Amino acid sequence: MSAGTIMTSGTTAEHELATLQREHGRPLFALLLRLCDGDRQRAEDLVQETLVRAWQHPEALRADNFESVRPWLLTVGRRLAIDARRARQARPPEVGDAVLENARVCADHAERAVATLDVRKAVKTLTPEHRDVLVLVYFHGASVAEAAKALGIPPGTVKSRAYYALRALRRVLPGYATDLR
């Protein structure tokens, strides 16, 4: 039977592909499953793609230098798996619908601007001592020790004033209470 016979006769090609699948499918699938980190669907797809390549290149399967076609199939399958992994790494990861449903929605610019105005207004209602501690620790990112040194007060006083300042803000900004914990 010549290589051209496989390409023209659908039943012969189907028979030979079925034989390849039967004789070499399990070892090929086992290799591809390992290369796909246990993803059965991806491994099955790569087995099918490998068999399509075998169908497209019948001359490679009949070469005299092969005792078996299995090495050729395993090599083609391995290369396809490597190409598929590289392609996945080259593009951003896919996100399923479940992930999108649970994703946090970022506030838009207008909401952020309103919140900023509310917080500024609320901070102005604090005593100067509480406001100074709050500004240093929460807005400028100073540590308790740095704020204590800058204000010339003990670290315990900084902690106490920060606690009472936040407590006062929670009363003034009830809608923002979860953000102030």
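**Helix crossing and core packing**

In this predicted model, helix α8 (residues 128-139) and helix α10 (residues 155-172) have axes that come within 8 Å and cross at roughly 100 degrees. Because angles of 65 to 115 degrees count as roughly perpendicular, α8 is roughly perpendicular to α10. On the α8 side, the contact is made by Glu129, His130, Val133, Leu134, Val137 and Tyr138. Helix α10 contributes Val158, Arg161, Ala162, Tyr164, Ala165, Leu166 and Leu169.

Attention now turns to the nonpolar cores. The largest nonpolar core has 17 residues, and Leu20, Leu32, Leu46, Val47, Trp72 and Leu73 touch the most other members. At least two residues of this core come from each of α2 (10-35), α3 (40-56) and α5 (70-90). Another core, of nine residues, lies apart from it and has Ala122, Ala165, Leu169 and Leu173 among its members. In soluble globular proteins, nonpolar side chains tend to be buried together.

Leucine 32 is in contact with Ala43, Leu46, Val47, Thr50, Gly77, Arg78 and Ala81, neighbours within four places in sequence being left aside. Threonine 50, found in helix α3, has a relative accessible area of 0% and is therefore buried. A polar atom of the threonine 50 side chain lies 2.7 Å from the backbone oxygen of leucine 46. Not counting residues up to four places away in sequence, threonine 50 touches Leu28, Leu32, Leu73, Val76, Gly77 and Leu80.

Terms used. Residues numbered from 1 in each chain as written. Predicted model: local features only at pLDDT ≥ 70, side-chain atom pairs only at ≥ 80, totals over all residues. Heavy atoms only, no water. Core = buried A, V, L, I, M, F, W, Y, C linked by side-chain atoms within 4.5 Å. Buried < 20%, exposed > 50% of the residue type's maximum accessible area, 1.4 Å probe, protein only. Helix = DSSP H or I, 4+ residues; strand = E, 2+ residues; numbered from the N terminus. Contact = heavy atoms within 4.5 Å. Axes fitted to C-alpha atoms, helices over the stretch in contact; angles between N-to-C directions. Parallel < 35°, antiparallel > 145°, perpendicular 65-115°, else oblique. Polar contact = N/O pair within 3.5 Å; in protein donor to acceptor, adjacent residues only side chain to side chain.
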